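This report considers one protein chain, from its overall make-up to selected local features. The sequence and the structure are shown first.

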Amino acid sequence: MASVFLYHVVGDLTVGKPELVEFTETQTVEAAIRAIGESTECGIPVWKTRSQKGLIENAEMRRKRFVGILNSLDIVAFLAREECLADQEKAMKTPVSEVVLPDNSLLKELDPATRLIDALEMMKQGVKRLLVPKSVVWRGMSKRFSILYNGKWLKNIDTSNPAANANRPSSSSPVPIRDKFCCLSREDIIRFIIGCLGALAPIPLSSIYSLGIINPNYCSIEASRPAIDATQKLPSDPPAVAVIDPMADDYNKIIGEISATKLWKCDYLAAAWALANFSAGQFVMGVEDNISSSSLPDFAVNPMVTNANTANSRGGIVRPKKFSSRSIGFVSNPTNSSLSVSRSMYRGRSAPLTCKETSSLAAVMAQMLSHRATHVWVTDAENEDHLVGVVGYADILAAVTRPLPTTNPETHSCSSMLINQA
């Protein structure tokens with residue numbers, strides 16, 4: 001195992017991270033859309049409202065208040081329901097408690113002095129967010145060795161037993177700021193890892209196939225099926241459904257995806273309408289180039305919601321708008337109508353992020369970070385149309401935390417003899 005994970009602590013990754021602002025379950029879907037646009041991993045943690053303001057909580061109290069993580073795919077699936085399409089304004093005012101899937105195992109509170117390797121092990125088991133107390137600058141020792149004292153690992157601070165921490169060396173312990181936290185995601189962990197690839201050699205340069213991290217058990221839907229079928233059982237990790245064309249040679253060709261990543265900063269109402277009315281294949285491509293615009297219905301759009309990042313948006317104004325898959329954000333070349341019937345339409349913004357089995361782990365991590373994606377679809381090394389699986393955050397964490405390969409002494413001796421003879 002790379003020593004970089006043993007010598008670093010979770011607190012090292014919190015430098016510069018903003019303070020957590022809790023998003024409560026009583027807030028609306030409209031507010032959630034704005035919050036998700038500024039989030040990592042296309043989702044936000046949702047919390048129950050504090051029972052008493054000013055109450056100092058311990059870790060167990062905070063754990064009980066955490067509800068789950070709400071992502072963009074959850075919201076679009078909710079807005080695509082028949083009753084929500086019938087009354088979009090009411091749907092936007094719905095509290096997120098009716099949308100988010102409760103699962104408090106997705107978040108774990110950790111002390112800043114927790115070893116990074118311990119945090120990675122938790123994330124490998126399904127934890128998606130780490131709640132870390134905000135602390136002042138580490139004193140006396142460099143952060144790299146801040147959890148070492150006289151050659152022994154320091155245990156996590158026990159906030160419920162101050163006396164047990166009395167003998168801790170103040171020079172190496174962080175000073176937590178009461179009731180102020182920051183939230184680390186798996187994306188933050190991957191960004192740290194890609195900054196120290198040399199310490200993980202030779203794993204980063206190994207192919208994802210040789211590392212055995214390609215997950216063949218991905219969720220998929222045929223392009224001819226209704227897109228709404230993809231929401232019958234939403235996948236949790238990664239939150240993505242591959243849109244496929246079954247081929248004659250008993251393999252699947254990926255043409256797009258319905259995922260939290262692709263819907264992250266989309267026009268939510270337009271995406272919901274399309275999800276409810278089109279096939280999966282139409283949903284991920286420029287459907288309006290193949291269908292007469294007169295056959296597409298008007299629907300109301302609140303620009304404050306669907307374009308939350310536009311400074312000049314005016315809330316409360318509802319105007320009719322013709323549906324366009326370009327408004328979802330799927331088509332990158334709207335002026336070229338010649339693409340309407342060709343496969344190149346799939347290579348617009350709707351194109352899924354793919355790599356080959358032979359791609360290195362470092363290349364896959366770079367792809368995910370540059371596209372702010374939670375996963376990469378994997379195709380056959382010889383045939384890019386042949387989908388073989390998917391690689392997500394958990395798969396990468398499993399690869400980088402495995403024991404580093406050791407050199408066989410006999411092989412090393414033989415190699416030395418051959419060199420000397422040469």
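Which backbone oxygen lies 2.7 Å from a polar atom of the side chain of lysine 128? In this predicted model, the backbone oxygen is that of serine 236.

## Overall composition

The chain contains 16 helices and 16 strands. Of its 422 residues, 49% are buried. The accessible surface amounts to about 20400 Å², and carbon and sulfur atoms account for 51% of that area.

Contacts between residues at least 6 apart in sequence were also examined: 70% of them join residues at least 24 apart.

Strand β2 spans residues 43–47 and is mostly covered, with five of its five residues buried. Gly43, Pro45 and Trp47 point one way from the strand, while Ile44 and Val46 point the other way.

Two strands pair with β2. Strand β3 (residues 66–71) runs antiparallel to β2 and is joined to it by five bridges, and here valine 46 has glycine 68 of β3 as its bridge partner. Together with helix α2 (residues 29–36), β1 and β2 form a right-handed β-α-β unit.

## The buried face of helix α15

Helix α15 covers residues 393–400, and its buried residues are Tyr393, Ile396, Leu397, Ala399 and Val400. Viewed down the helix axis, these buried residues fall within an arc of 160°, so they line one face of α15. An α-helix has 3.6 residues a turn, so residues three or four places apart point the same way.

The cover over the buried residues of α15 includes the helices α1 (4–7), α7 (116–124), α8 (186–194), α9 (208–211) and α14 (361–370), as well as strand β16 (387–392).

## The setting of lysine 128

Lysine 128 is located in the loop between α7 and β5 (129–135). Is this lysine buried or exposed? Its relative accessible area is 13%, which is under the 20% cut-off, and lysine 128 is therefore buried.

Beyond its neighbours within four places in sequence, lysine 128 is in contact with Glu41, Ile69, Leu106, Met123, Leu184, Ser185, Arg186, Ser236 and Asp237. Leucine 106, one of these residues, is 22 residues from lysine 128 in sequence, with a C-alpha to C-alpha distance of 5.2 Å.

Methods: Residues are numbered from 1 along each chain as its sequence is written. This is a predicted model: local features need pLDDT of at least 70, side-chain atom pairs count only at pLDDT 80 or more; totals for chains, interfaces and linings use all residues. Side-chain values use heavy atoms; hydrogens and water are left out. Buried means under 20% relative accessible area, exposed over 50%, partly exposed in between (1.4 Å probe, protein chains only). Helices (H or I, at least four residues) and strands (E, at least two) are DSSP runs, numbered from the N terminus. A crossover is right-handed if, with the strands pointing away from the viewer, the path from the first strand over the helix to the second runs clockwise. Two strands pair if DSSP finds at least two bridges between them. Contact means heavy atoms within 4.5 Å. Accessible areas come from the Shrake-Rupley method with a 1.4 Å probe; for residues, only the protein chains shown count as cover. The arc is that of the directions from the helix axis to the C-beta atoms. A polar contact is a pair of N or O atoms within 3.5 Å; within protein, one must be able to donate a hydrogen and the other to accept it, and residues adjacent in sequence count only if both atoms are side-chain atoms.
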